[in-house]
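Here is a short briefing to read alongside the model. Take a look at the structure first, and then we can walk through it together.

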Amino acid sequence: MQNQLKEILENAKKNIAEASSKEDIEKIRVEYLGKKGQLTSILKSMGKLSKEERPVVGKVANEVRENIEEMIAKAGTAVKAKEQEMRTKAETLDVTVPGTERKLGAKHPISVTIDEITKIFMSMGFSVADGPEVETVFYNFDALNAPQNHPSRDLTDTFYIEDQEDVLLRTQTSPVQIRTILKEDLPIKIISPGRCFRCDTPDATHSPMFHQVEGLVVDEGITMSDLKGTLDAFVKRLFGPETRTKLRPHHFPFTEPSAEVDVSCFKCGGKGCSVCKGSGWIEILGAGLVHPNVLKVGGIDTEKYSGFAFGMGVERVAMLKYEIDDIRLLYENDMRFIEQFK
Ligand code: DAH
């Protein structure tokens, strides 16, 4: 029996030395010291021994048990340390390894342009107003003094919402003028950037969706000189301090008098180049004094108050400033294009 005990101890030693996980060690503990374990069954059979033999074998058996227990405890600590070490190794961050590059996007040139225009007008005391892209005929045409037979009302020019002849995609940001007049107290001094829609087939200069920035000022004693002074200050900030403005008579239903505004070419300074097509001037917006009929929709006393308004195409400004020769480039979502405006 003593030999048997020695053999158990040797086997246990070998098994423990080979154990590499907590689970292995637990298995060994059960195998040797568990209720049905090898050592336990020997201890159980000690009753068969003689009185003399019993204490001798008992002593050896106890020693073997203590020995195994000690080895198991030691192995447990070693395995724990090993596991901890492996975990630390796995979680170690090597700061010298090149990281995974995260691709940074860039602000779209339309947003860059809108932000720039907005910043300039905000510094002149304008606030920003918003309006819906899905509009009614009333705000988009009627209230803006557009005659019933105005060509822009035509189905071929305007996207109407099917089955609702009164609802359309706004063709201009001008409806925000009348919405603001009806909602806000005087004086009014707003700009309104946003999306517009027209039934145009896309080509180098047309897109069925585009952006405008509307401007509206209503106060006592507003004249054309306020309009010219404001636009003059604006274009000098946008295109450079040398920029001059020129107003040409024009017609818009919602302004009287109306003008188209040209700026001296920021590329050639007015001598004539490819950007200004040789004329030295570039048309950038429409403007005028708000028609009394528009102010009257908002119940404004037109004897006391007057206003000016303007509207410009954002794509046109961006294309001029950044010398983009095809409007479609702005909507293709090609990062190689957009990244150039970082
Ligand atoms: N809404 C005009 C257009 O889309 C642009 C415009 C012209 C707006 C004159 C104005 C304005 O406010 O006064 O062509």
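How many residues does helix 8 have, and how far does helix 8 reach from its first C-alpha to its last? Helix 8, residues 224-239, has 16 residues and reaches 22 Å between those two atoms. That is close to the 22 Å expected at 1.5 Å a residue. Please keep in mind that this is a predicted model.

**Helix 8 and its buried side**

- The buried residues of helix 8 are Leu 227, Thr 230, Leu 231, Phe 234, Val 235, Leu 238 and Phe 239.
- These residues sit on the same side of helix 8, because they cover an arc of only 130 degrees around the axis.
- An α-helix has 3.6 residues a turn, so residues three or four places apart point the same way.

**The ligand and its shell**

- There are 15 residues around the ligand, and those that come nearest are Gln 172, Gln 177, Arg 198, Gln 212 and Glu 214.
- By class, the shell around the ligand holds five nonpolar, eight polar and two charged residues.
- Gln 172 places a polar side-chain atom 2.7 Å from a nitrogen atom of the ligand.
- In the side chain of Arg 198, an N or O atom is 2.8 Å from an oxygen atom of the ligand.
- Phe 310 takes part through its backbone, where an N or O atom lies 3.2 Å from an oxygen atom of the ligand.
- Taken alone, the ligand exposes 360 Å², and the protein buries 89% of that.
- Strand 6 (209-220), strand 9 (281-290) and strand 10 (305-313) are the elements that give two or more residues to this shell.

- Thr 180 has its place in helix 7, residues 175-183.
- Why does Thr 180 count as buried? Its relative accessibility is 5%, and buried means under 20%.
- A polar atom of the Thr 180 side chain lies 2.6 Å from the backbone oxygen of Val 176.
- Met 71 belongs to helix 4, residues 53-91.
- With a relative accessible area of 16%, Met 71 is buried as well.
- Met 71 and Thr 158 are 87 residues apart in sequence, and their C-alpha atoms are 89 Å apart in space.

**Cis peptide bonds**

- The peptide bond from Leu 186 to Pro 187 is cis, with omega near -5 degrees.
- Pro 187 is found in the loop between helix 7 and strand 5 (188-197).
- A cis peptide bond also runs from Glu 256 to Pro 257, with omega near -5 degrees.
- The location of Pro 257 is strand 8, residues 255-264.

- Asn 145 is a residue other than glycine with a positive phi, near 70 degrees.
- The loop between helix 6 (137-140) and strand 3 (160-161) holds Asn 145.
- Glu 323, which is not a glycine either, has a positive phi near 50 degrees.
- Glu 323 is found in the loop between helix 10 (314-321) and helix 11 (335-338).
- Glu 323 counts as partly exposed because its relative accessibility is 47%.

Note on methods
Residues numbered from 1 in each chain as written. Predicted model: local features only at pLDDT ≥ 70, side-chain atom pairs only at ≥ 80, totals over all residues. Heavy atoms only, no water. Near = heavy atom within 4 Å. Polar contact = N/O pair within 3.5 Å; in protein donor to acceptor, adjacent residues only side chain to side chain. Areas by Shrake-Rupley, 256 points an atom, 1.4 Å probe, with all protein chains shown as cover. Helix = DSSP H or I, 4+ residues; strand = E, 2+ residues; numbered from the N terminus. Nonpolar A, V, L, I, M, F, W, Y, C, P; charged D, E, K, R; others polar. Expected span 1.5 Å × (residues − 1). Buried < 20%, exposed > 50% of the residue type's maximum accessible area, 1.4 Å probe, protein only. Arc of directions from axis to C-beta.
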